[in-house]
Amino acid sequence: YTPKKALQTYSVGLWCDWRNYTVPKNGVISKNADGIVGFGEYPYDVRETSSKIRIFSLSVPFLFTQKFGKKSKSSFSLGPVVNFNVRGRINNEWTDENAEWEQSIKEIGQRPVTVDIMGILKSDGFGLYCKYSPMSVLKKKSENGVENPQFHSLTFGLFF
């Protein structure tokens with residue numbers, strides 16, 4: 001929505017978001033019998049490792065945009081992005097002396113809803129964006145009260 005003769009716009013959108021949180025080399029992510037997500041290390045004889053937490057979300061941005069002039073093609077946008085985290089999964093891959101292995105763990109205790117803060121600097125149809133996630137994607141405590149790891153992300157990229 002843009003008020004008549006105004007340089008401000010208020011918008012709502014919808015997009016799909018697939019986020020990957022990668023653990024450093026030789027790190028492994030697991031979930032124990034109590035549903036607690038944790039970090040560890042692969043055995044020393046394992047090589048070519050990869051461990052990720054993957055979150056699929058339907059995201060709804062609520063953005064305020066300010067143009068820099070009536071004829072300007074430049075603008076700045078800022079606002080929250082509400083993420084409905086519909087799927088969470090841990091994916092581990094490794095190679096040992098005998099074979100290549102893959103492990104996929106479902107129901108990792110992701111938060112159903114998280115909120116990010118996003119800013120976009122745009123000119124001539126292209127832009128740069130920055131998005132910060134002040135909320136961790138994993139629930140703070142598992143169902144039995146033990147704490148899951150908490151982490152936050154900062155993302156930069158191109159916006160079209």
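1. A nonpolar core is a set of buried Ala, Val, Leu, Ile, Met, Phe, Trp, Tyr and Cys residues joined through side-chain atoms within 4.5 Å. Buried means under 20% relative accessible area, exposed over 50%, and partly exposed in between, using a 1.4 Å probe and protein chains only. The largest such core here has 12 residues: Y21, V23, I29, V37, I53, I55, I90, I105, I108, V137, L138 and F151. In soluble globular proteins, nonpolar side chains tend to be buried together.

2. A word on the basis. This is a predicted model: local features need pLDDT of at least 70, side-chain atom pairs count only at pLDDT 80 or more, and totals for chains, interfaces and linings use all residues. Residues are numbered from 1 along each chain as its sequence is written, and side-chain values use heavy atoms, with hydrogens and water left out.

3. Take V23, a core member. V23 sits in the loop between strand 2 (15-22) and strand 3 (27-31); strands are DSSP E runs of at least two residues, numbered from the N terminus. V23 counts as buried because its relative accessible area is 15%. Beyond residues up to four places away in sequence, V23 touches V28, I29, F39 and S51 (contact: heavy atoms within 4.5 Å). Its C-alpha atom is 9.8 Å from that of T49, 26 residues apart along the chain.

4. F151 also belongs to the core. Setting aside residues up to four places away, F151 touches Y21, I53, M135, S136, V137 and L138.

5. T9 lies in strand 1 (residues 8-12). T9 is buried, because its relative accessibility is 18%. Its side chain makes a polar contact of 2.8 Å with that of T2. A polar contact is a pair of N or O atoms within 3.5 Å; within protein, one must be able to donate a hydrogen and the other to accept it, and residues adjacent in sequence count only if both atoms are side-chain atoms. Leaving aside neighbours within four places in sequence, T9 is in contact with Y1, T2, L63, F64 and T65.

6. Q103 is in strand 7 (residues 100-106). Q103 counts as partly exposed because its relative accessibility is 33%. Not counting residues up to four places away, Q103 touches I90, N91, N92 and W94. The C-alpha atoms of Q103 and Y42, 61 residues apart along the chain, are separated by 13 Å.

Notes:
Helices (H or I, at least four residues) and strands (E, at least two) are DSSP runs, numbered from the N terminus.
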